[in-house]
Amino acid sequence: MTRAGFIGLAGRPNVGKSTLVNAIVGSRVAIVSVRPQTTRRAIRGIATDAEAGRQLVLVDLPGVQKPRDVLTERMQGRVERELADSDVALLVVNGEQGVGPGDRFIAGALLGARADVPTICAVNKIDRVGPNELVPVLAEAAELDGVDEVFPISARSGEGLAALVARLGELVPEGEYLYPPEEHSDQPGETLLAELIREQVLNRTREEIPHSVEVQVGEVERRADGLVAVHAEIWAETESQKGILIGKGGAKIGEIGAAARRSLEAELGAKVFLDLQVRVRDRWRRDEGLLDRLGIE
């Protein structure tokens, strides 16, 4: 008998949820950045172990935050809905920072109310913490509302992941696989490519720019000579943001484009020609219809 189920990841922004999903899946399905609030959509990473007879569908959710516009309201609503529909909840805590008020709020308000759903706490980034500092963090994590078990892990180094994955596999219900075993994500290809481009914007801009930017991939054309042409737009909300993204003499957009092209080539396994344009879309984060079309429900 096989086992398969949905595991909803909850946690404060920038605790390493996306890195953890990528590590368990063994493939890059979610972008990673030092910027908080990187994840905007619920991204499903699919980890199938045919030998163990289990399929874990890890739902990487936006970091829990106070909504400040339509975009973040939708992100927060998606977190609550996905957790409600999960077979297992996985609360990720930053072991380097310790358990804080935000972790207690998430555990109590979002997880503690669902006593019927097993809740695992993964204390991440233990590779950055000494044993004397880690022990009290693990003890505090074990006392969080609704938490059944605690696993110390490092998503970056892989330490502790085998035990965590094995336990998650025991907790998901018996049943047939939910996705074909060869799949790693349910994201459309264009969405993943857009996210890889946005990742480079996040890593190369500061202050409000990363949160004001969205990327849309239009046409993806595989040419006869093997070259893949990707046409994409970076959206900013103001002309001044557009100017920062382009940079003096086009330096910034050139830097973003070069790094994004390398990411796309690694993902597509082919040489890429990247046509990258910067456009202004005023107040796009508050446009309900546009957010619908972007798939940010």
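Mentor: Set aside the neighbours within four places in sequence, and E199 is in contact with R28, I31 and V32. Contact means heavy atoms within 4.5 Å. E199 belongs to helix α6, residues 189-204. Helices (H or I, at least four residues) and strands (E, at least two) are DSSP runs, numbered from the N terminus. The relative accessible area of E199 is 3%, so E199 is buried. Buried means under 20% relative accessible area, exposed over 50%, and partly exposed in between (1.4 Å probe, protein chains only).

A word on the source. This is a predicted model: local features need pLDDT of at least 70, side-chain atom pairs count only at pLDDT 80 or more, and totals for chains, interfaces and linings use all residues. Residues are numbered from 1 along each chain as its sequence is written, and side-chain values use heavy atoms, with hydrogens and water left out.

Next, helix α5, residues 161-171. Its buried residues are L161, L164, V165, L168 and G169. Seen down the axis of α5, they fall within an arc of 135°, so they line one face of the helix. That arc is taken from the directions from the helix axis to the C-beta atoms. Their cover includes α1 (17-25) and the strands β1 (3-10), β3 (54-60), β4 (88-94), β5 (119-124) and β6 (149-152).

Now the sheet. It is open, has 6 strands and mixed pairing, and runs in the order β2-β3-β1-β4-β5-β6. β2 (43-49) and β6 are the edges; each has a single partner strand, so one side of each lacks a neighbour in the sheet. Neighbouring strands here are turned by 25° against each other on average, direction ignored. α1 packs on this sheet and touches β1, β2, β3 and β4. The direction of α1 makes about 160° with that of β3. Axes are lines fitted to C-alpha atoms, for helices over the stretch in contact, and angles run from 0 to 180 degrees between N-to-C directions.

β5 and β6 run parallel, joined by 4 bridges. C121 has V150 in β6 as its bridge partner. Two strands pair if DSSP finds at least two bridges between them.

Last, strand β8, residues 228-236. Of its 9 residues, 7 are buried. β8 runs antiparallel to β7 (214-222), with 7 bridges. Q216 stands opposite E233 in β8. The two strands form a hairpin with 5 residues between them. G226, in the turn, has a positive phi of about 95°. β8 also runs parallel to β9 (272-280), with 9 bridges. There, I234 stands opposite V278 in β9.
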